[in-house]
Amino acid sequence: MYTPALSFLIGILWGLLPLTTWAFQSPDLDQQLQTAAQWALEGQLGRAFKAYGQLWAAGRAAGREDLAVKAREEHGAALVWRRDWSFQRKYNYLNKERETAFSNDSEAFYQGTLAHLLAQEGKTDQVHAACAEAVRLYRAAQQLHPEAFLYIRIAYAHYEWQVLDSALHYLRQAEQLNTAYQTRYGEVIGSLYNLQTIVYGELGQYEKALESSRADIALLVHQNDERSNRALTYEYNNLASLYQSLGDNNKAITYYKKALRLHQQVPNTDTLE
């Protein structure tokens, strides 16, 4: 049976990670955003949550709307993923922010984060309406990058709950959106390929999983830096697991060895299993 070894946070964040760890006190907002992504990857979600919230406000004050939108979306994701808050506390926080701090153009953020939260909590029957409203608002504001990542996050939540048909549905939505806008939103591709590999592998659709895994590997090899090599370690491990499931032990061993070699070279890489 195919067993993915890849932490999805690595897939979703590999394009945001810094090459080195920066101090959050740096005046450079882009570096601060990278630091917050590193904290999220390390599981410091409360810290990342607070940092993203600060960056959302700082980005808008500095006229960096692109950075503010990204920080806002990651603020919502960190809220959903943090484990020290109950569902009710997260839901109450989200509604309080909606009432007191959100402008009209942030309603998409509320609906998108609500959809992600509902999916993450296994309330999959309630996800569609919030997601549809978020998509309508994202498109009205021409914020298609957050829309694509919303599909991927909801797909992953459905995968965790083993509602695999729904996971594939949302992945196809992300794929269609990226195909239409890939010159502007190409960074979505890595997270998309990564999760396709996991879901197709879980469904036993190994050829499709292999295709996605190879595509992700090609993208990461082309990137060729510390952050992509960290993700590449896990993707080689996934590819090896797929070949093992297909009974091709020679190829499986080849890619397990590649994963191990890279794992030994790249710092801050979790233990492979």
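Q: At what angle do the axes of helix α5 and helix α6 cross?
A: This is a predicted model, to begin with. In it, the axes of α5 (residues 87-100) and α6 (residues 107-120) cross at roughly 170 degrees. They come within 10 Å.

Q: What does that make them, roughly parallel or roughly antiparallel?
A: Roughly antiparallel to each other. Angles over 145 degrees count that way.

Q: Which residues meet between α5 and α6?
A: From α5, Phe-87, Lys-90, Tyr-91, Leu-94, Asn-95 and Arg-98. From α6, Glu-107, Phe-109, Tyr-110, Gln-111, Thr-113, Leu-114, Leu-117 and Leu-118.

Q: How do the residues of that contact divide into nonpolar, polar and charged?
A: The contact of α5 with α6 has 8 nonpolar, 3 polar and 3 charged residues.

Q: Zooming out. How many helices and strands does the protein have?
A: There are 13 helices and 0 strands. Along the sequence the pattern reads α-α-α-α-α-α-α-α-α-α-α-α-α.

Q: What share of the residues is buried?
A: 54% of the 273 residues count as buried. The protein exposes about 12800 Å². Carbon and sulfur atoms supply 47% of that area.

Q: And how much of the contacts comes from residues 24 or more positions apart?
A: Among contacts with a separation of 6 or more, those residues account for 61%.

Q: How many of the residues of α10 are buried?
A: 13 of the 15, so α10 is largely enclosed by the rest of the structure. Just after α10, Gly-204 takes a positive phi of about 80 degrees.

Q: What about α12, how many of its residues are buried?
A: 17 of 20. Helix α12 is therefore largely enclosed by the rest of the structure too. Its residues, 226-245, should span 28 Å, and the end C-alpha atoms sit 29 Å apart, which agrees.

Q: Which residue just after α12 takes a positive phi?
A: Gly-247, at about 85 degrees.

Q: Now α7. Which residues are buried there?
A: Val-127, Ala-130, Cys-131, Ala-134, Val-135, Leu-137 and Tyr-138 are buried in α7. As for length, the 14 residues of α7 should span 20 Å. The end C-alpha atoms are 20 Å apart, which agrees.

Q: Where is Gln-142 placed? And is Gln-142 buried or exposed?
A: Gln-142 is in the loop between α7 (127-140) and α8 (144-160). Gln-142 is exposed, with a relative accessible area of 65%.

Q: Which phi does Gln-162 have?
A: Positive, about 60 degrees, although Gln-162 is not a glycine. Gln-162 is in the loop between α8 and α9 (164-185). Its relative accessible area is 42%, so Gln-162 is partly exposed.

Q: Different spot. Where is Tyr-52, in which helix?
A: Tyr-52 is in α3, residues 45-61. Tyr-52 is buried, with a relative accessible area of 1%.

Q: What is Tyr-52 in contact with, leaving aside its neighbours within four places in sequence?
A: Leu-33, Ala-36, Ala-37, Ala-40, Ala-71, Glu-74, His-75 and Ala-78. The C-alpha atoms of Tyr-52 and His-75 are separated by 4.9 Å. Along the chain those two are 23 residues apart.

Q: Last one, Val-266. Where is Val-266 found?
A: In the segment after α13 (249-265). Val-266 is buried, at 10% relative accessible area.

Q: With which residues is Val-266 in contact, leaving aside its neighbours within four places in sequence?
A: Glu-226, Asn-229, Arg-230 and Thr-233. Val-266 and Ala-231 are 9.8 Å apart, C-alpha to C-alpha, and 35 residues apart in sequence.

Methods. Residues numbered from 1 in each chain as written. Predicted model: local features only at pLDDT ≥ 70, side-chain atom pairs only at ≥ 80, totals over all residues. Heavy atoms only, no water. Axes fitted to C-alpha atoms, helices over the stretch in contact; angles between N-to-C directions. Helix = DSSP H or I, 4+ residues; strand = E, 2+ residues; numbered from the N terminus. Parallel < 35°, antiparallel > 145°, perpendicular 65-115°, else oblique. Contact = heavy atoms within 4.5 Å. Nonpolar A, V, L, I, M, F, W, Y, C, P; charged D, E, K, R; others polar. Buried < 20%, exposed > 50% of the residue type's maximum accessible area, 1.4 Å probe, protein only. Areas by Shrake-Rupley, 256 points an atom, 1.4 Å probe, with all protein chains shown as cover. Expected span 1.5 Å × (residues − 1).
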